[in-house]
Amino acid sequence: MQASKPCIATLIAVLSPALLFGGTISGKVTYTGTPAKQKVIDMSKEPSCAKQHATPVMTEGVVTGPNNALANVVVYISAGGDDPNPPAQAVTFTQKGCQYGPHVLAMHTGQELDVVNADQTSHNIHPLAKVNREWNKSQPPGTPPLKDKWDQPEVIEVKCNIHPWMHGWFVVLKTNHYSVSGENGSFTLPNLPPGKYTITAWHEPDGKQTQDVTITGNETKTVDFSFALKPY
Amino acid sequence: MGGKIFAVIVIVIALLSAVPIINHTFMGANVAPPEDISTHGASIDKQLDETMLEAGLSFLAAQLVLGFFVWQFGGRKDGAIKNFPGGAKYLVIAAVLLVGLEAIALGAIGTKAWATVYFQAPGADAMPIQVQAGQFAFYFRYPGPDGKFGQLHPEKIDEGNANYFGLDPENDVAARDDVTSGELVVPVNKEIHLLMHAKDVGHSFYVRELRIQQDFVPGLDLALHFTATKVGKYEIVCTQLCGLGHYNMKAYLSVMTQDDFDKWLKTQDQ
């Protein structure tokens with residue numbers, strides 16, 4: 001019985017878009033101007049982490065790709081596409097090589113969040129929540145993942161109380177329709193029923209941009225976002 | 001008889017206790033402090049040796065006097081107590097003066113060692129390096145080619161983007177070429193003027209090979225100067241309990257030749 005549940009879930013996931021929802025919003029996030037230079041992170045004080053990196057580790061405040069693509073932008077439906085329930089699948093936030101992976105993690109309110117320590121050193125993860133309850137938890141090496149969830153939608157900055165350079169973000173949403181742009185800047189929001197939507201793109205140093213999109217039937221609409229970056 | 005046995009025990013304990021204290025000065029490598037790589041360290045080591053020797057001998061002398069009195073008078077059963085000639089008042093005054101003079105003498109002699117680090121100004125060509133202690137890492141800043149440090153703006157501290165000091169390169173030209181590092185890299189045989197401040201709570205800067213230990217006090221700008229005389233890598237540790245990650249608060253001191261240092265500085269981000 002247990003084993004068949006994922007199968008059914010997969011079946012529904014595969015079939016439902018084809019049967020029910022055909023709309024897709026996709027596009028690309030780009031930048032204009034000069035992005036801030038990524039800086040080398042000096043983690044010499046934590047040799048067990050430093051030796052995991054063959055090349056210098058860079059700050060991830062602004063990560064860009066070819067053709068002015070902008071990574072780590074969360075694109076999501078902020079109006080018209082709320083989902084009452086979180087997915088059953090947990091999202092994972094990993095501390096490895098004294099870095100957070102992924103740098104930006106989006107999730108649904110109430111969705112299980114697993115925080116993994118893959119390092120040989122202790123971490124103390126500290127999400128600086130303002131709307132949700134703020135906490136920090138120590139995690140020695142070898143301990144099982146910390147489990148938590150967020151009740152309210154919020155963009156939460158995350159830091160490590162032991163390693164000052166560690167930095168990441170939780171983007172907690174009311175919708176399951178979200179996408180985080182990769183180094184090619186592209187994103188896709190599939191499986192959308194017909195309707196009017198507000199699409200929001202959030203980028204760490206620049207805040208939010210929104211656009212309104214209407215989906216009728218089985219179409220794919222293209223929505224692009226552009227952020228103006230400053231070198232400092 | 002009981003008094004004599006007790007006196008012997010007192011003297012044996014005194015001799016055994018004094019051995020390691022006095023031997024601190026003479027036993028050499030067994031109890032010697034770690035290698036000294038600073039120009040001022042020798043005077044501090046010498047001062048420590050003298051203090052230990054003097055304290056050890058004083059301790060031994062006092063215990064022997066105690067043992068003598070126990071031997072001489074410990075077995076008496078008649079219960080009569082004789083007063084010290086002239087009363088105890090003058091004896092107490094004499095003891096206070098003696099101990100006080102000893103402490104003052106040690107302080108006066110020790111000031112020579114202390115003053116080389118704290119009272120003398122650094123030389124005019126000393127290299128300024130700033131160190132900021134914060135929970136739970138040290139960061140170091142070099143002024144860059146312009147020789148000027150950019151201003152600090154605590155509200156601009158952004159550790160996720162490597163702005164540990166709160167620089168404002170957008171508006172502050174002097175800050176643009178500042179080099180920040182998690183490692184204290186210095187050229188050998190060059191005087192370093194270390195400018196210290198704390199970002200949050202009290203910390204301490206301790207390098208045993210440099211014979212330097214200095215607290216950071218939030219709100220105070222403190223300074224040190226030293227010259228490292230041996231190429232190598234040494235540990236800098238925080239020796240002031242500063243919170244959860246105190247055990248993990250450390251950095252490394254790399255002493256390099258001038259050439260290696262110049263190369264290192266060029267490879268650093270600005």
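What is the mean pLDDT of chain A, and what share of its residues reach 70 or more? In this predicted model, the mean for chain A is 90, and 91% of the residues reach that mark. One stretch of chain A, residues 11-19, has a pLDDT below 50. Beyond near neighbours in sequence, residues 11-19 make two contacts in the model.

Turning to the fold, chain A holds 17 strands and two helices. Its C-alpha atoms occupy a box of roughly 55 × 55 × 35 Å along the principal axes. Of the 232 residues in chain A, 34% are buried. Among the contacts in chain A with a separation of 6 or more, 67% join residues 24 or more positions apart.

For a closer look, take B:V131: leaving aside neighbours within four places in sequence, B:V131 touches B:F138, B:F140, B:L184, B:L194, B:M196 and B:F205.

Finally, the two chains meet through 17 residues of chain A and 20 residues of chain B. On the chain A side of this contact, seven residues are nonpolar, six are polar and four are charged.

Note on methods
Residues numbered from 1 in each chain as written. Chains lettered and ligands numbered in written order. Predicted model: local features only at pLDDT ≥ 70, side-chain atom pairs only at ≥ 80, totals over all residues. Contact = placed C-beta atoms within 7 Å. Nonpolar A, V, L, I, M, F, W, Y, C, P; charged D, E, K, R; others polar. pLDDT = per-residue confidence, 0-100. Helix = DSSP H or I, 4+ residues; strand = E, 2+ residues; numbered from the N terminus. Buried ≥ 20, exposed ≤ 12 C-beta atoms within 10 Å, placed from the backbone.
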